[in-house]
Amino acid sequence: MALLKIVHYPDPRLHKIAQPITTVDDNIKALIANMAETMYSAPGVGLAATQVDRHVRLILVDISESKNDLKVFINPEILEASGQSEHEEGCLSVPGIYDTVTRPERVRVRALDRDGQPFELEADGLMAVCVQHEIDHLNGKVFVEYLSRLKQERIRKKLLKQAREAM
Ligand code: NI
């Protein structure tokens with residue numbers, strides 16, 4: 001296994017649209033293992049392949065306290081969304097930034113699991129937030145894009161400055 005480099009906002013690679021996965025082969029399984037290691041070590045509760053510059057429709061989520069309940073979603077699709085709720089969100093691609101985003105409160109998701117088997121999941125609370133946030137990544141969207149233009153510009157400048165200082 002290996003730690004993968006996480007792409008940081010405002011890198012344009014975060015706006016690529018991820019392609020569907022046609023076969024859950026050894027390459028995808030290795031990517032899942034490496035992404036899981038990367039997510040747990042960050043630490044984070046979710047990671048999309050887009051964030052490690054792999055533009056395939058794969059997301060991982062683990063919202064458990066014990067960090068031993070990894071959920072793998074391949075080609076995830078939101079079938080139904082209802083209600084509305086606000087949560088403070090953060091993102092491994094936008095380090096140090098947290099802000100409130102309004103999203104549907106409940107979602108029903110269909111995806112393939114890590115063995116390529118289809119499943120459906122009804123989620124609410126943090127799980128619903130994470131799944132929607134990660135699927136957004138596959139569609140080239142970062143959570144800061146839900147915020148005001150002014151906030152987005154401030155975040156963009158702050159992260160560009162951080163990146164310069166890190167060089
Ligand atoms: Ni994110």
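Trainee: The structure holds twelve salt bridges. What makes a pair of side chains a salt bridge?

Mentor: The term requires a side-chain nitrogen of Lys or Arg within 4 Å of a carboxyl oxygen of Asp or Glu. Lys71 and Asp69 qualify because their closest N and O atoms are 3.0 Å apart. This is a predicted model, in which local features need pLDDT of at least 70 and side-chain atom pairs count only at pLDDT 80 or more, while totals for chains, interfaces and linings use all residues. Residues are numbered from 1 along each chain as its sequence is written, and side-chain values use heavy atoms, with hydrogens and water left out.

Trainee: Why are Lys71 and Asp69 called partly exposed?

Mentor: Buried means under 20% relative accessible area and exposed over 50%, with partly exposed in between (1.4 Å probe, protein chains only). Lys71 has 25% and Asp69 has 37%, so both values fall in the middle class.

Trainee: How do you know that Arg103 and Glu89 tie together separate parts of the chain?

Mentor: Their side chains meet in a salt bridge at 2.7 Å, N to O. Arg103 lies in strand β5 (residues 99-103) and Glu89 in strand β4 (residues 85-89), so the bridge joins parts 14 residues apart in sequence. Here helices (H or I, at least four residues) and strands (E, at least two) are DSSP runs, numbered from the N terminus. Both Arg103 and Glu89 are buried.

Trainee: What makes the largest group of nonpolar residues a core?

Mentor: A nonpolar core is a set of buried Ala, Val, Leu, Ile, Met, Phe, Trp, Tyr and Cys residues joined through side-chain atoms within 4.5 Å. The largest has 18 residues, and those with the most contacts inside it include Ile32, Met35, Leu58 and Val72. α1 (26-41), β2 (58-61) and β3 (71-82) each supply at least two of its residues, and α1 gives the most, with six. Contact means heavy atoms within 4.5 Å; beyond its neighbours within four places in sequence, Leu58 is in contact with residues including Ile21, Leu47 and Leu138. A second, separate core of 16 residues includes Phe73, Val109, Met127 and Ala128.

Trainee: Why is the pair of Phe73 and Phe119 called tilted?

Mentor: Rings of Phe, Tyr and Trp (its six-membered ring) pair if their centres lie within 6.5 Å; planes under 30 degrees apart count as stacked, over 60 as edge-to-face and the rest as tilted. By this rule the count comes to one aromatic pair. Its centres are 5.6 Å apart and its planes at 45°, so it is neither stacked nor edge-to-face. The pair links Phe73 in strand β3 with Phe119 in strand β7 (residues 118-123), 46 residues apart. Phe73 is buried at 0% relative accessible area, and Phe119 is partly exposed at 23%.

Trainee: What makes Lys141 a charge over the ring of Tyr146?

Mentor: The rule asks for NZ of Lys or CZ of Arg within 6 Å of the ring centre and within 35 degrees of the ring normal. The charged end of Lys141 sits over the ring of Tyr146, 4.0 Å from its centre.

Trainee: Why is Asn34 called buried?

Mentor: Asn34 has 17% relative accessibility, which places it in the buried class. Asn34 is found in helix α1 and, neighbours within four places in sequence aside, is in contact with Met1, Ala2 and Leu4.
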